[in-house]
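Dear colleague,

I am passing on the structure we spoke about, and below it you will find my notes on what turned up when I went through it. Please read them with the model open beside you.

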Amino acid sequence: MEHRGAYVREAGAGDPVVCIHASASSSAQWRSLIDCLAGRFRTLAVDLYGSGRSPDWPGDRPLQLADEVALLEPVLAVPGARFHLIGHSYGGAVALKVALAHPGRVASLALFEPVLFSVLMADDPDQPAAREIEAVRADTSAAADGGDLQAAGARFVDYWMGAGAWAAMPEARRLTVATAMGKIKGQWHAAFEEPASLPALAALDVPTLCLVGSDSPASSRGVSRLLAKTLPRATEVELDGVGHMGPVTHPDRVNTLIEQHLDGLAPGG
């Protein structure tokens, strides 16, 4: 279904749950979670700018997280009442921006390693995790600017999923990711330049599940650590043997934790 620009997969009935995907992905990554929640929740999984069936970012200036939120506003208006937010990676950063924009409407958050790198840079731009992700940003942006989307995709995937992940990826998936690299520069800018501060995030007084993989890169683990310390009602859970793409590579384990989080907030839960 299309809501004036943003495409959304919608299923089920009950309290609304809005799911936001990672970079180089789409709402399709939440199919198994949608199936898990069907019958108890109304799930709306969205496509962000330049992903899935949503349009590319049309602006002349760099993309900001607020632009992603604006794209989703018609979707967020559909539930009417309060909604739960699920976000993974870049989608987790967008989810936090939605929560800051609509603090009275967000019932809870479930975040798998949101890449709100601006808080990592504000904490200490010289820490190894910050320098590491800044290098990935520079390398992928330079490769994409030079027209080598395959090189950009390889750098991106091997950082987030481990050395050799790009080579092991099916050719069709490599093509999809490489195509997405043409739009990644805007998402890097949005994640690095977002002005949301830790004190602002500390005002998000809603139940929050912070999921992190034991095998994830230092950068996303660092952001998750800062958020878990800052968000007043955060519960942090580390998944052993899981990396940054946990919602895709280990959906059963991740979905179970999200289900438990949501069910625990239900009346009598």
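**What was found**

Serine 197 is partly exposed, because its relative accessible area is 31%. This serine 197 sits in the loop that runs between α9 (184–193) and α10 (198–201), and although serine 197 and valine 119 are 78 residues apart along the chain, their C-alpha atoms are separated by 6.4 Å. Please keep in mind throughout that this is a predicted model.

**The whole protein**

The protein contains 13 helices and eight strands. Its radius of gyration is 17 Å, close to the 18 Å that the globule rule gives for 269 residues, so the protein is as compact as a globular protein of that length. The C-alpha trace spans about 55 × 40 × 35 Å along its principal axes, and buried residues make up 54% of the 269 residues. Of the contacts with a separation of 6 or more, 73% are between residues 24 or more positions apart.

As for the surface, the protein exposes about 10800 Å², of which carbon and sulfur atoms supply 53%. There are 22 positive and 31 negative side chains, and the centres of these two sets lie 3 Å apart.

In soluble globular proteins, nonpolar side chains tend to be buried together. Here the largest nonpolar core has 66 residues, and the members that touch the most others are Ile20, Leu85, Leu109, Phe117, Ile133 and Trp188. Helix α3 (residues 90–101) gives the largest share of this core, with seven residues.

Histidine 261 is found in helix α13 (residues 251–265), and it counts as buried because its relative accessibility is 13%, where the cut-off is under 20%.

Threonine 208, for its part, belongs to strand β7 (residues 208–213) and is buried, with a relative accessible area of 2%.

The C-alpha atoms of aspartate 252 and lysine 97 are separated by 27 Å, the two residues being 155 residues apart along the chain.

**Residues in loops**

Tyrosine 49 lies in the loop between β4 (41–46) and α2 (65–77), and at 13% relative accessibility tyrosine 49 counts as buried. With residues up to four places away in sequence not counted, tyrosine 49 touches Pro55, Asp56, Trp57, Pro58, Leu63, Asp67, Glu68, Leu71 and Gln187. Tyrosine 49 and glycine 5 are 44 residues apart in sequence, while from C-alpha to C-alpha they are 9.0 Å apart in space.

Two further loop residues deserve a look at their backbone angles. Alanine 24 has a positive phi of about 55° although it is not a glycine; this alanine 24 is found in the loop between β3 (15–20) and α1 (31–37), and it is buried, with a relative accessible area of 13%. Serine 89 likewise has a positive phi, near 60°, in a residue other than glycine. The place of serine 89 is the loop between β5 (83–88) and α3, and serine 89 counts as buried at 6% relative accessibility.

With kind regards

Note on methods:
Residues numbered from 1 in each chain as written. Predicted model: local features only at pLDDT ≥ 70, side-chain atom pairs only at ≥ 80, totals over all residues. Heavy atoms only, no water. Core = buried A, V, L, I, M, F, W, Y, C linked by side-chain atoms within 4.5 Å. Buried < 20%, exposed > 50% of the residue type's maximum accessible area, 1.4 Å probe, protein only. Helix = DSSP H or I, 4+ residues; strand = E, 2+ residues; numbered from the N terminus. Rg over C-alpha atoms; globule rule 2.2 N^0.38 Å. Contact = heavy atoms within 4.5 Å. Areas by Shrake-Rupley, 256 points an atom, 1.4 Å probe, with all protein chains shown as cover. Lys, Arg positive; Asp, Glu negative; His and termini not counted. Charge placed at Lys NZ, Arg CZ, Asp CG, Glu CD.
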